[in-house]
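Here is a short briefing on how two protein chains meet. Keep the sequence and the 3D view open as you read.

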Amino acid sequence: MIEVGDEVEVVKDGKTYRGIVMPHHAFSEKNILIIKLPNGYNIGINLKGCKIRIIKKGRKKERKMGEIPYDEKKPTVALIGTGGTIASYVDYETGAVHPASTAEELAFAMPEIFDICNIEAKILFQKLSENIKPKDWQKMAREAAKYLNEGKPVVIAHGTDTMTYSSAALAFMLKNLNGAVVFVGSQRSSDRPSSDAFINLMAATKVALTDIGEVVIVMHSSISSNGCFIHRATKVRKMHSSRRDAFVSINARPIGLINEDKIEFYGEYRKRSKGKVKAKTKLNENVALIHYYPGMKREDFEKMIDGKDGIVIAGTGLGHVGEHLIPAIKNLTRKGIPVVITTQCLYGRVNLNVYSTGRKLIKAGVIEGEDMLPEVAWIKLMWVLANEKDVEKAMRENIAGEISPRLEIDAKNFI
Amino acid sequence: MDYEKLGFRAGLEIHQQLATHKLFCNCPSELKEEYTSTFERVLRPTQSELGEVDKAALEEARRGKKFVYFASSSSCLVEADEEPPHAANEEAIDVAITVALLLNADVVDEIHFMRKIVIDGSNTTGFQRTALIALNGSIDGIGIETICLEEDAARKIGEDGKKVKYALDRLGIPLVEIATAPDIKSPEQAKEIAEKIGLILRATKKVKRGIGTIRQDLNVSIKEGNRVEIKGVQELKDIPKILENEVKRQIELIEVKKKLIGRGIEKKDLEKIKITDVSKIFENTSCKFIRKALKEGVVFAIKLPGFKGIIGGIKYKEHRLGRELAMYAKMEGGGIVHSDELPNYGISKEEVEEVKKTLRCSKNDAFVLSVGKEKIVRKCLKAVLERAKEALKGVPKEVRRALPDGLTEYMRPMPGAARMYPETDVPPIRISKQKIQKLKKKLPEYPEEKIERMVKQYRLSKEEARQLVYSGREDLFEKFALEYEGYEKVIARILLNVMAEIEREGYDSSIVIKKMEDVLDGLKKKLFAKEAVETLLLFFAQHPEASLQEAMENCGLKKISDEEIRTIIRSIVEEKLDFVKEKREKAISPLMGVVMKELRGKADGALVNKILREEVERVLKA
């Protein structure tokens, strides 16, 4: 049987092709055999009317990494892998790219890191970030707490799509942080020379070694390779599908900027505290996040809220929904189900005193979500429902930097 | 030179830009220099399975370059590597397949784009996207190994210390790359094949024209030499000279090797060479650049055992080893002086002797000096030593850059073959039999076919037709020839001779195409004779705004009636009456010259001849 990696000779219409059998591409047609020619190019050959002969069976290559170096004079950082492309390896022979699947591979993602610290690497799980679930946040929080309580600040390598969800969840779950928890990822996978992974990872490790005692995200600050922002986990959002500076602090300035060895702090941050970290990881996952749109049908809305223990609405402008939904909202609040209003503008604060619809919503008993991002309010509500007695009070309070009491004037550009 | 005896083998790699939008985005394939944004990047060699990195890639990274990119309206987030590539441009694929069919190559069943690692900054991604379209073609008995479709690189617009500046406009323009087998047997043949391939590419009418839109790389080797790739040959006419020079260079390097081996030099002799500080010797030197450099720098030296008389050139001074050593030093940001060229530059005989003594040079040993900042000097001499080791092996396999004077210089080592992995962001493209059939039906004429057809259809000479096709003006010719039947020869003459004449005079010849219709209309209406065409067009070249009327007036081409012609001819005939009576009919042809002097451009030659004949017959009858 012909297998990937075998060297074969294909004879077709009197022409002979020689090459190594490549894995089938998801979009390749069924009867196409992909081979890598000696010149390095892959081509697809239609198998119809072909004669194939195996010249040499491929052999499984053993991956071996060196031993992870350890220097007792250097601090140790825990590097937790959860998936994503921050550490991946190319096999030029087959062209296959595989993400780091062992602690060694993860640790060796960027060997220069060993110059500044020791790395204790662990693959916690390997998931595309769109597949990550609240259960995974809990796992991450417990793992981070474990390392922090061993005196090792934590860097979590994570896919970028839902990184801000995970980071916000950990920000609510981890109490009395005695070290930094730094989320990091890459917008260009690390198998490319232009990857942002290396700069991001190096910067994240350096941030982990500071006196910051918060959950943060460290990613490129611009499309140039000249520094990374340190974002507060509850104030940051992925605002671009592909740019490397996709991560933006919203309704807050980033905590700081790190460029090579220089860190510039833009404002206050929580310093690492003494004592032990506590991971309060309980969540009530039965919360809906609803994006209001013009003409949203009451029946549809009611289906979405049916049986939920809490609702977060991303409303229009200052925090509105069509008046026709207000009776349904009233029904919820009457039953004691919290309804939190945020704005789909993302930028700015909810204020329901200005227009009549807003005033009606207040009368219907909703909770104004201040300047919280909709998804952050959603995660917060899940956490609050599981951990706090007075839900409304907790939702209005700043627990993990998610609410800015004042929004500074930045006249030039708020984005 | 006897290329057959030398074992000369050469292959071509021709890169032609296509006149479509870019390969992986919807940006126009146009160079635009109004830069609206700029950004800066670094690149890093990727780790392969075993943490190995490519040799060439590593060398680029070692230089620690930063890349500054300038973007204009000809590029988008895709070129900035801030957005994944879009699906490959279908029109470009069709052109590439058409070229493949014209070269009798086998088109693959499914096209797979690859990432070819290039980390000199010319690709923001750190790789060039390239796909093999077809294999096993041929032209004039020379094999065509591969036909690829790839994206052009960014345009280098400057270098400033450790920063290299690139414009993004060129990045992503589709390129068809045609690689011949190393079947070419002489430098002259290389040029002919390159020209032929160029014609075939142009026949598709979908390729860009003008400077920089077609580039030739040459692969060349001789017996006992090695394969060397020469990049960036812009002009076809330079190919033979560049190849001839490379042959000489390889002969020189083979001589170097033989001589070193003859002197018993081995690699280990070079491995134990230490860099020595000889600054002291030059404390009171009269060499200006050393004196200047010593203020905050050093003079270091290395001995090159057995290299005496070898660095300065053995057989071909122009291709001396010294040039190669100097280029290695230049890549590290410094320069060198070697003992074969000393004493010179104000370095005295005594200083040379002193250096030799310090380095313990014996009779056959040479030395190399480098002057400047210690860090750079060390790197330079280390690089020189590396290159000197290669000299023991003969000709290194490497990539060189073509220079305007027909010489070449070292660029980088030959990249390893395993630098490609699949571009998973671009879906593979299935090429159906139906598609090939469809493109086969629409295949453009081969250049030879076209020449033959033009000879028949327009009654041109073979040479005229050939020149038109080779000049690339055959489409223009056909456009006008179909509109102005009977004027084919005039049109050919304008496109071939008059345009060349105007260019020689230093004017913009594109005016000819703009004014062609006016002039041909005038000719058709017999406003002037065809002899006036050149004069008129030359006038237009100098006065592009002028109207035909103004041009005619300025060139003294007022319309002249048959009666006026007759009056002028009659007066000339009567003036030369004795001559006419003596020579009878034989007087017509010498008289024609006299008459045309008066009437050139104002009257049609055939008409003048007719009237002259009538007038001569009239006086003879009288």
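Predicted model: local features only at pLDDT ≥ 70, side-chain atom pairs only at ≥ 80, totals over all residues.

Residues are numbered from 1 along each chain as its sequence is written, chains are lettered from A and ligands numbered from 1 in the order in which they are written, and side-chain values use heavy atoms, with hydrogens and water left out.

**The contact between chains A and B**

- Chain A brings 52 residues to the contact, and chain B brings 49 residues. Contact means heavy atoms within 4.5 Å.
- Together the two chains bury about 4,300 Å², with 53% of it on carbon and sulfur atoms. Buried area is the accessible area (1.4 Å probe) that two parts lose on being put together, summed over both.
- By class, the side of chain A that touches chain B has 21 nonpolar, 16 polar and 15 charged residues. Here Ala, Val, Leu, Ile, Met, Phe, Trp, Tyr, Cys and Pro count as nonpolar, Asp, Glu, Lys and Arg as charged, and the others, Gly among them, as polar.

**Bridges across the contact**

- Nine salt bridges link chain A and chain B. Each is a side-chain nitrogen of Lys or Arg within 4 Å of a carboxyl oxygen of Asp or Glu.
- One salt bridge joins the side chains of A:K15 and B:D106, at 2.8 Å from N to O.
- Of the elements of chain A, β4(A) gives the most to the side that touches chain B, with five residues. Strands (E, at least two residues) and helices (H or I, at least four) are DSSP runs, numbered from the N terminus.
- β4(A) also runs antiparallel to strand β5 (residues 110-111) of chain B, joined by two bridges. Two strands pair if DSSP finds at least two bridges between them.
- A:I43 stands opposite B:I111 in β5(B).

**Domains of chain A**

- The assignment gives domain 1 (7-56), domain 2 (76-279) and domain 3 (287-396). Such bounds come from an automatic or database domain assignment.
- The C-alpha centres of domain 1 and domain 2 of chain A lie 41 Å apart.

**A sheet in chain B**

- Four strands of chain B form an open, antiparallel sheet in the order β14-β15-β17-β16.
- Its edge strands are β14 (276-277) and β16 (336-338), and each pairs on one side only.
- Seven bridges join β15 (residues 298-304) to β17 (residues 366-372) in chain B.
- B:I302 stands opposite B:V368 in β17(B).
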